[in-house]
Amino acid sequence: MDVGYTVEQLRAAAADAVRAPSLHNTQPWRFRLRDGGIELAVDPTRRLPATDPSGWGVRLSGGAALHNLRLALAAAGTPASVRLRPYPGEPDVLARLVPDLPRRPTPTELSLHAAVPRRFSNRRPFWPDPVPADVRWRLGEAARAEQCWLELVIGTSAVNAFAEIARSAHRVLERDPAYRAERIAWTRAAPADDGVPAAAGGPQSEPQDLLPARGFGGLDRPPGRDFEPEPLVAVLISAGNTATDQIVAGQALQRVLLTATDAGLAVSMLSQPIEVPGAREQLRLSLGRFGTPQMVLRIGYGQPGRATPRRAVDEVLDLPVPQV
Ligand SMILES: Cc1cc2nc3c(=O)[nH]c(=O)nc-3n(C[C@H](O)[C@H](O)[C@H](O)COP(=O)(O)O)c2cc1C
């Protein structure tokens, strides 16, 4: 029986983990082996103090990376047993994974794992085709399987009310010069292995747009190419809002995103109404549910696009120094 994971297993799983989404594609994570366990930690040099003062975005991104780690290990037949925030004195260590009993991967694990390299944020207009009921159900199941739930915002008046909250949160954020500076600093006009490539940033906003888009450089929009009139908006909700709840929410986020990719759907994320505390509370009240909104998704059928770049996996590994 193996006593722990190897460096090769760490490297292979981390290569999938880094494909997770992160706020402004900051990729705020590090991976290492400690006593046979794979550990995922926050990279404190990649925090966004103005955009994400509480560290919510770092923990959501870390949770998403953790989901990919778990999937990669399960798909390889070496599933992990996971402890979140295993060391009270080291809150930046988000998770520790040790080998569980080896078993064959389930069909769901295999299809979600296969979706990892195909998933990307699609900020362009979607086709107006509705998302069928069985696919909506699968998305909800994906969130539930990770101890969260997905609330769909259905109907013109509910979508308009949500859009109003999102637009006002966007305006609040854009008034802050430090927030704007971070957004601009992480927008990439030239090829780079982190940050949001301007080409992935979606089209320039126009006054008739229902939902606010973070300006990541923006492509010129051909005349008449408007966004879908009634987007499918979904809010990911977690039971509580502790640091651990946020890591749980990140895992649920990634499972929903991969399930959507597997179903041929495109998704973009909108977190302005989560980042402004007043807007988040308004959103929570408008949904009439317990729990805390952790992310908003726009879901639909999109045009093809490309995955955004990541740093090489060796740049995010902390490997043991070889003994001489
Ligand atoms: C916590 C979090 C918040 C995000 N907020 C937004 C957002 O408000 N607007 C947006 O366009 N993308 C948002 N994103 C998506 C990231 O910009 C995206 O994941 C990153 O650029 C990597 O690109 P990819 O998703 O195509 O791999 C968010 C992602 C995370 C994890």
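Mentor: Let's start where helix H5 meets helix H9: Ala-161, Phe-162, Ile-165, Ser-168 and Ala-169 of H5 touch Ala-279, Gln-282, Leu-283 and Ser-286 of H9. Two residues count as touching here if their C-beta atoms, placed from the backbone, lie within 7 Å. Helices are DSSP runs of H or I with at least four residues, strands are E runs of at least two, and both are numbered from the N terminus. Keep in mind that this is a predicted model, in which local features need pLDDT of at least 70 and side-chain atom pairs count only at pLDDT 80 or more, while totals for chains, interfaces and linings use all residues. Residue numbers run from 1 along each chain as its sequence is written.

By class, the H5 and H9 contact has six nonpolar and three polar residues, with no charged ones. Nonpolar covers Ala, Val, Leu, Ile, Met, Phe, Trp, Tyr, Cys and Pro; charged covers Asp, Glu, Lys and Arg; the others, Gly among them, are polar. H5 spans residues 156–174 and H9 spans 277–287, and they pack at about 170° with axes 10 Å apart. That angle is why H5 counts as roughly antiparallel to H9. The axes are lines fitted to C-alpha atoms, for helices over the stretch in contact, and angles run from 0 to 180 degrees between N-to-C directions. Under 35 degrees is called roughly parallel, over 145 roughly antiparallel, 65 to 115 roughly perpendicular, and the rest oblique.

Next pair: helix H4 (133–145) and helix H7 (243–262) have axes that come within 8 Å and cross at roughly 155°. So H4 is roughly antiparallel to H7. The H4 and H7 crossing is right-handed; that name applies if the near helix is turned clockwise from the far one by less than a right angle, and left-handed applies if anticlockwise. On the H4 side you'll find Arg-138, Leu-139, Ala-142, Ala-143 and Ala-145, facing Ala-252, Arg-255, Val-256, Thr-259 and Ala-260 of H7. Seven residues of this contact are nonpolar, one is polar and two are charged.

Now for helix H2 (56–75) and helix H3 (107–115). Their axes come within 9 Å and cross at roughly 120°, so H2 is oblique to H3. H2 passes H3 in a left-handed crossing. Leu-71, Ala-72, Ala-74 and Ala-75 of H2 meet Glu-109, Leu-110, Leu-112 and His-113 of H3. Six of those residues are nonpolar, one is polar and one is charged.

An automatic or database assignment sets the bounds, giving domain 1 (7–118) and domain 2 (133–300). Their C-alpha centres lie 21 Å apart, and the contact takes 29 residues from each of the two. On the domain 1 side, H2, strand E4 (93–99) and H3 each supply at least two residues.

Last stop, the ligand. A shell of 21 residues surrounds the ligand, the closest being Pro-21, Asn-25, Phe-120, Ser-121 and Ser-271; a residue is near it if its C-beta atom, placed from the backbone, lies within 6 Å. H2 and strand E9 (266–270) are the elements giving two or more residues to this shell, and H2 gives the most, with four. Domain 1 and domain 2 each contribute at least three residues. By class, the shell has nine nonpolar, 10 polar and two charged residues.
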